[in-house]
Amino acid sequence: MNICRHLTYTRSLSPGKAVFFYQTTESDFVPLQLETNKIRAPKSGSTEAYDRNGHPKELSPHALAYSNPQCIQACYVPPNVTSVHCRFSLRVEANSLEPDTCEDLKVRRYLSMLSSLYAQKGGYKELAKRYCRNLLMGTWLWRNKHTLGTKIEVVTSNGSHYEVSDTRQLSWCGEWSEQDSQTLTELVSEMEEALINDDKYWLIDVHAILKTGFCQEIHPSQKFNEHGEGEASKQYATTVCANGKEAVCFHAEKVGAALQLIDDWWSEDAYKPLRAHEYGADRNYLLARRHPARANDFYTLIKYVAVYIRSLRKVSSPVQIHPNIHYVMSILCKGGLYQRGRGNG
């Protein structure tokens, strides 16, 4: 099957901003705020002393000892506050069942058949399990996972309440306790239903309680904008609360990126899950683990939809589903523009 000129999917997982706050005896929601500091940082970059060819510049012995004044933003837990909260909502919809935009009826039919068989054979349960692992492990907290203990609560639109008492006991490949495994199983069942049932959407409220050290540093999302004179060189993301105060937060995209860290199908020897991505971008190594030269990228594998359909028809157990099928479906769940470009014929 060849990709048509117009092919788009709407994302199935839509998280909101994750907002940081803390509680006091007077209020159960006090926004965690930024502070702006002016510091005298030492000169440490290579360009301070070396030119572009790597040759030392002609500098006096004192030049590199002068300070480099900087204005930075930072976020710390207030004194006498022992726990910080972080909360976001997640909407899950069955948007991968068929393309949102597709002008080729044959391509639409093949892709719809693939997702239908994938649902019948229990494939969405595997995707839901991976998403829910990241939810309950607190992967979406990123650098803030390292605490004295993190509790996560999940309330669903079905009226269910799930809880993990300490995320430090959980890992991607490790064994989970019987209680946490049961929590995962029940949460997965609800999410799977939302991914395959297009008659309704599923909304959950995710709330993490981080047990922190004294004045521990918190790491929200970082803004990528140019700063003006007198502004902080490093700026964090904030959202305005109802009372007009600003609270630090994670962008919805950063939360979504963490939930999408499910691709460990990129190699038989894969040692970590990557974010679901068309070329398997590995940010730590600045490598494409699914480079077209390896013929395991999304645009290569999507051509074999007809083969995957025949394969799924023979499947009698979810464990028999080929990893490439899981990967392709994870990309369709992620959503995006997959059409053929003008220069592709």
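Good morning. Of the 345 residues in the protein chain, 45% are buried, where buried means under 20% relative accessible area, exposed over 50% and partly exposed in between, with a 1.4 Å probe and protein chains only. The model is predicted: local features need pLDDT of at least 70, side-chain atom pairs count only at pLDDT 80 or more, and totals for chains, interfaces and linings use all residues. Residues are numbered from 1 along each chain as its sequence is written, and side-chain values use heavy atoms, with hydrogens and water left out.

I begin with the overall description. The protein chain holds seven helices and 18 strands; these are DSSP runs, numbered from the N terminus, with H or I over at least four residues for helices and E over at least two for strands. Taken along the principal axes, its C-alpha atoms fill a box of roughly 70 × 60 × 40 Å. Among contacts with a separation of 6 or more, 72% join residues 24 or more positions apart, a contact being heavy atoms within 4.5 Å.

Helix α2, residues 123-137, has 15 residues and spans 22 Å from first C-alpha to last, close to the 21 Å expected at 1.5 Å a residue; the expected span is 1.5 Å times one less than the number of residues. Helix α2 is mostly covered, with 12 of its 15 residues buried, including Tyr-124, Leu-127, Arg-130, Arg-133 and Met-137. Gly-138 follows α2 and has a positive phi, near 75°.

Helix α7 has 12 residues and reaches 17 Å from its first C-alpha to its last, close to the expected 16 Å. Because 10 of the 12 residues of α7 are buried, this helix is largely enclosed by the rest of the structure. Among the buried residues of α7 are Ile-325, Tyr-327, Met-329 and Leu-332. Just after α7, Gly-335 takes a positive phi of about 85°.

Next, the sheet. Three strands form an open sheet in the order β8-β1-β18, with antiparallel pairing. Strands β8 (101-102) and β18 (336-337) stand at the edges with a single partner strand each, so one side of each is left without a neighbour in the sheet. Strands count as paired if DSSP finds at least two bridges between them. Strand β1, residues 7-9, pairs with β8 in the antiparallel sense over two bridges, and the bridge partner of Leu-7 in β8 is Cys-102.

Rolling a probe the size of a water molecule over the atoms shows where empty space is left. A pocket is an open set of points, on a 1 Å grid over the protein atoms alone, where a 1.4 Å probe fits, with protein on both sides within 12 Å along at least five of seven lines; lining residues have an atom within 4 Å of a point.

What is the volume of the largest pocket? The value is about 1,200 Å³, where grid points are joined across faces, edges and corners, and the volume is the space filled by probe spheres set on the points. Its lining comprises 33 residues, of which Thr-139, Trp-142, Lys-254, Leu-261 and Arg-283 are closest to the centre. Helices α2 and α4 (252-259) and strands β15 and β16 (281-282) each supply at least two lining residues, and the largest share, three residues, comes from α4. The lining divides into 12 nonpolar, 11 polar and 10 charged residues. Here Ala, Val, Leu, Ile, Met, Phe, Trp, Tyr, Cys and Pro count as nonpolar, Asp, Glu, Lys and Arg as charged, and the others, Gly among them, as polar.

The second largest pocket holds about 370 Å³ of space. Of its 21 lining residues, Lys-125, Glu-126, Lys-129, Arg-130 and Arg-133 lie nearest the centre. Helices α2, α3 (178-196) and α7 (323-334) each supply at least two residues of this lining, which divides into nine nonpolar, six polar and six charged.

Finally, two loop residues. Asn-158 lies in the loop between β9 (150-156) and β10 (161-164). Is Asn-158 buried or partly exposed? Asn-158 is partly exposed, with a relative accessible area of 44%. Leaving aside residues up to four places away in sequence, Asn-158 touches Glu-190, Lys-200 and Trp-202. Its C-alpha is separated by 7.8 Å from that of Trp-202, 44 residues apart along the chain.

Glu-268 is found in the loop between β14 (261-263) and β15 (274-275). Glu-268 counts as exposed because its relative accessibility is 84%. The C-alpha atoms of Glu-268 and Pro-323, 55 residues apart along the chain, are separated by 9.8 Å. Thank you.
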